[in-house]
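Have a look at it first, then read on.

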Amino acid sequence: MWFSFWRSKDRFTLDELRYLTDQLMKVQFVNDVNKDFVIEALRSIAELITYGDQHDANFFEFFMEKQIMGEFVRILKISKNVSVSIQLLQTMSIMIQNLKSDHSIYYLFSNEHINFLITYSYDFRNEELLLSYYLSFLRAISGKLNKNTISLLVKTEKDEIVAFPLYVEAIRYAFHEDGMNRTAVRALTLNIYHVKFFRDRCIKLNGMVSATTESQDPESVSSILSAVDEVEDNLYYLNDVVSAGIPDVGALITDSMLKLLIFPLLLPSLRIEVSDGKKFSPVTSLFLLVCVLRILKIKDLANTIAAALICSIQPVLPNSEAKLNGFKTDHDETHETDGNDENPSGNLESSSLIVSIPSLCTSSSVQHYCSGSASVLRDALISYITNGDDMEVVGSLSLLATFLHTKELDESMLDALGILPQRKQHKKLLLKALVGEDSGEEQLFASENCISKDGSDSELNIYLQRLKDQYEVSCSYQEVGESPRVHRFLVLDALISLFCRTNISADTLWDGGWLLRQLLPYSETEFNTQHLQSLKESCKKCRTELIVEQRGSWPDLLIHVLCDEWRKCKRAIEASSPRREPKSILFSTKKSSPSDVMPIDSSFAAGEMMYHRVKVFVLLHELKIFSTGKSLPDQPPILPPADFPEISRAKSAGLTTIPKLSTELNLVDSVPCRIAFERGKERHFSFLAISIGISGWIILAEELPQKTRYGTVRVVAPLAGCNPRIDERHTRWLHLRIRPSTLPLTETEKNAANLKLKSKSMVDGRWTLAFKDEASCKSALTMIQEEINLQCTEVERRLAPLLSDEV
């Protein structure tokens, strides 16, 4: 029978497939005599099915009709020959990898034949070659997994998944002694858990963020948010897998995340400047690191990332094309997103990292520390805080905040990063002192300049060694010869420097205030003279700006905004966690230049500026109070309203509260005028400017015919910000700018993208009032100026305690 197999004929025909199948079905046992035929038949069938998938659908129709998958299973059962098992696994691998039709793959994965081949008890004891083919077979299956095919491979009972044979069998060899087998299992798990897919989603997100950094319109913001949701969903899925308790899965996902995403793409982008535009954006990298740490609850992953951040990066420069920061300009080219870009050993390609813990300088100056060789990634984070743009500052602060809240992170890592909270550091030193460790007692009661004798922490050393052994990163840990406070002083210096910056949004500064309170929650002991002086000078500048706002366009809202923002800021910096979600990293909250979105003389631009100044002043004032060791009051020190004056225009008009339409007024102080709100429809009114306390209004009233010198309110507008001006050519005309009674827009990450679109509708009103003569026009102008002065004077009186030099 098997000798006739060698006849000469066209092999790629349906007749050939029919012949081979018929001969295979006649095999009742496999021995040394017929094993060669069986092996060749299996190999040829794979070739024919692959050929038919691309040229003739009848081939696979015949394959299904004759249930050849069942024949494969039968051959495996009746054969004890290793060569046949190897060929069968190879045949299946070839077919699975090369079949393009979804219909064909669905058929192969159905009827439990694949699961039988997966769970069959192969004898691997003395056959390493068989194991290699078996793992290749499993890997081929994993390459075809998607949301539709995976349901064909899981076992269910009562509509509940009870087993996943592909993963269960593969994971047995995750730590096999043979490196090629470990690589095969790693590739398989990547396919199952879509770590490569997750990396591709991250790369896609980076492209979207990089393309919209300068201009974020609503459409691009929506696209970014959708991509963010997809990234987070993938991470939550991976975390669910880790939480399922499957042995070693956490280690595999950690290994994959580090080797495929974090080491080659995210961490280098924090320091690398690449001229070809292929690099990851630091903003995207910071966001992704935050997401990974927040969602994936894996201790080794968190601690390895932290260890990498405190390492100095000194790659070998192979040629003159290397940038000054130490990486080749074509670094990213070694990490293209092609599906077959696996580094079989899983090690970092080119530019391998040399890691050490350097002796830190004793200077507390951020500028001095960061202007040198800032090769430690932790120092890159500090540099972003002191010199980066708004998004980079938010990203750096968010990453440090995330480390603080990562329960899986060892305290030695927080200490090395410079963000171990004061209370935790004191507790740590106290425990050392209690158990008799001399270094702990000395550091607990030592001055800040005392030399530390605590050479290193065991956990830190463990992960530094792991970087060297597992990821081929050369690591060493040298004793740091400074006080344990030196790391936190660097972060503290950076935060104080941040509060002195004028090109950063108030929301971002509040994030920095939250981090400062986390590091120093109870006392002022770690604020030095330079810190206090910097805060004092910044607070003085903000106070000067706020004094200007007392006579600006929005004095009537200033006290309300101050009180409201005081409460919000106190709540924000004393909260247990940051107030903003990580996705805020991707959206600029930078203070808008008024001319970017609206006219420079717009009251809306002035209102935005007022809100920004208030938020910054409130933060600095609260930090200044905190720096003295005092607790923050719930309300700012603002005086109560003054008593209603005996003599005023408001009293003469009979007005004691906010004027409403149809309210009756005494028009004794009014000035007659005309105004046209519609073209060709001029109306006659009595004009009044009135203030009560910090509020003020422009009122147009109609005289009551039956009641002389009395009228009813028809139009009301805010007095503040009206910018009265007599027309240069027509001295009987008075021009007024009419702003809304409340500020409808404050710029946040939720509405910043819509600011430009809304600016067209946010236009101040413009009134031109015509009076009977020049004297009447000047009288109206004087009335406005006097009432505005009364209004602003009351604002100044009430804010005097807050705006004084004393805290």
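This is a predicted model: local features need pLDDT of at least 70, side-chain atom pairs count only at pLDDT 80 or more; totals for chains, interfaces and linings use all residues.

## Ground rules

A residue is called buried under 20% relative accessible area, exposed over 50%, and partly exposed in between, using a 1.4 Å probe and protein chains only.

Residues are numbered from 1 along each chain as its sequence is written, and side-chain values use heavy atoms, with hydrogens and water left out.

## The big picture

The protein has 807 residues, and 54% of them are buried. Its secondary structure comes to 31 helices and twelve strands; these are DSSP runs numbered from the N terminus, with helices being H or I of at least four residues and strands E of at least two.

Contact here means heavy atoms within 4.5 Å. Take the contacts between residues at least 6 apart in sequence, and 73% of them join residues at least 24 apart.

## Nonpolar cores

A nonpolar core is a set of buried Ala, Val, Leu, Ile, Met, Phe, Trp, Tyr and Cys residues joined through side-chain atoms within 4.5 Å. The largest one has 197 residues, and those with the most contacts inside it are Phe72, Tyr134, Phe137, Ile262 and Phe403. Helix α28 (residues 603–627) supplies the largest share of this core, with twelve residues. Another core of 37 residues lies apart from it, and includes Ile675, Val715, Leu719 and Leu734.

Back to Tyr134: if you skip neighbours within four places in sequence, its contacts are Leu89, Leu117, Ile118, Tyr122, Phe124, Glu169 and Tyr173.

Strands β1 (residues 155–157) and β2 (residues 160–163) run antiparallel and are joined by three bridges; strands pair if DSSP finds at least two bridges between them. Glu157 sits opposite Glu160 in β2. Two residues separate the strands of this hairpin, and Lys158 in the turn has a positive phi of about 55°.

## Around His735

His735 belongs to strand β11 (residues 733–738) and counts as buried at 16% relative accessibility. Not counting residues up to four places away in sequence, His735 touches Asn723, Pro724, Arg725, Asp727, Trp767 and Thr768.
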